Amino acid sequence: MKIATYNVNGVNGRLPVLLRWLNETKPDVVCLQELKAPQEKFPEAAINEAGYQAIWHGQKSWNGVAILSRTHEIKELRRVLPGDPEDANSRYIEAIVNNVVIGCLYLPNGNPAPGAKFDYKLAWFKRLQQHAATLLAHKVPVVLTGDYNVMPTELDVYKPERWVDDALFRPETRQAFKQLVDQGWTDAIRKLYPKETIYTFWDYFRNAYGRNAGLRIDHFLLSPQAAKHLQAAGVDKEVRGWEKSSDHAPVWIELSI
DNA sequence: ATGCCGTGGAAACCACGA
């Protein structure tokens with residue numbers, strides 16, 4: 001079972017790239033973030049045509065998340081992260097696919113920090129920790145994936161010293177990610193590649209992709225019941241070099257399920 | 001050190017992203 005995550009940065013503007021990537025790599029399940037489309041503007045027909053069912057939670061202009069499945073039925077569990085009824089951002093959607101719980105998330109950026117946006121990021125992180133603990137307690141295969149907007153360690157940043165005050169790399173942010181992982185989750189990429197420089201995002205400008213000035217911010221966290229099935233993981237880095245690409249590249253794992 | 005680029009939506013610029 002191949003599961004992928006891709007921050008598309010606009011699902012309609014990105015549609016040709018998304019469809020080409022789906023057709024070339026054919027993941028079984030795909031989590032999308034930053035749809036940047038209201039609920040009724042999701043390109044469902046084109047996704048279906050490509051062989052995928054989909055559930056999604058859209059939002060005008062910003063955010064928006066979706067789960068696609070090629071081979072198995074999608075049973076939606078929720079489309080809101082619990083813990084704050086006031087939070088109207090579409091940043092979380094969760095479903096069971098092939099007996100695996102798939103949580104698709106778009107964690108807030110949090111800049112500028114400090115400030116209200118950073119406070120929102122940390123509060124969202126706390127809610128995610130609480131919900132993740134609930135998921136772990138079920139002792140079933142769970143895959144929590146998406147754009148975490150966190151570089152967990154210095155190995156995940158091309159120039160760590162330049163990012164120390166940034167919301168994606170501040171000590172509070174890294175600490176929150178570590179607390180989450182320490183509940184018992186496995187960071188799939190780091191489990192298989194503990195020492196390698198692996199990025200999932202490159203800025204649009206300053207030739208960041210050409211210079212490999214990247215960040216690793218899109219992650220797969222696996223519950224123990226999922227982690228024991230982990231076979232492979234990687235980044236479809238070449239997609240970032242395609243015409244009209246997102247600033248993120250797709251990331252994927254393969255489970256023996 | 002910096003939104004220098006890119007997207008969407010409103011309106012011919014602005015918010016936002018990381």
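1. The largest nonpolar core has 76 residues, and L32, A66, I67 and I102 touch the most other members. Strand β7 (residues 100-106) gives the most to this core, six residues. A nonpolar core here is a set of buried Ala, Val, Leu, Ile, Met, Phe, Trp, Tyr and Cys residues joined through C-beta atoms within 7 Å. A residue is buried if 20 or more other C-beta atoms lie within 10 Å of its own, exposed if 12 or fewer, and partly exposed in between, with C-beta atoms placed from the backbone. In soluble globular proteins, nonpolar side chains tend to be buried together.

2. The model is predicted: local features need pLDDT of at least 70 and side-chain atom pairs pLDDT 80 or more, while totals for chains, interfaces and linings use all residues. Residues are numbered from 1 along each chain as its sequence is written, and chains are lettered from A and ligands numbered from 1 in the order in which they are written.

3. Leaving out residues up to four places away in sequence, I102 touches V29, C31, I67, E94, A95, V97 and V143. Contact requires C-beta atoms, placed from the backbone, within 7 Å.

4. Helix α3 covers residues 116-137; its 22 residues should span 32 Å at 1.5 Å a residue, and the end C-alpha atoms agree, being 32 Å apart. The expected span is 1.5 Å times one less than the number of residues. Helices (H or I, at least four residues) and strands (E, at least two) are DSSP runs, numbered from the N terminus.

5. Which residues of α3 are buried? They are K121, W124, F125, L128, A132 and L135. Because they cover an arc of only 110° around the axis, they lie on the same side of α3; the arc is that of the directions from the helix axis to the C-beta atoms. The buried residues of α3 pack against β7, β8 (142-147) and α4 (171-181). On the other side of α3, A116, Q130, A133, T134 and A137 are exposed.

6. The loop between β7 and α3 holds P112 and P114. A cis peptide bond joins N111 to P112, with omega about -5°, and another joins A113 to P114, with omega about 0°. Most residues other than glycine have a negative phi, and most peptide bonds are trans.

7. N207 has a positive phi near 55° and counts as exposed because it has 11 C-beta neighbours inside 10 Å. K244 has a positive phi of about 60° and lies in the loop between β13 (230-235) and β14 (251-255).

Conventions:
Contact = placed C-beta atoms within 7 Å.
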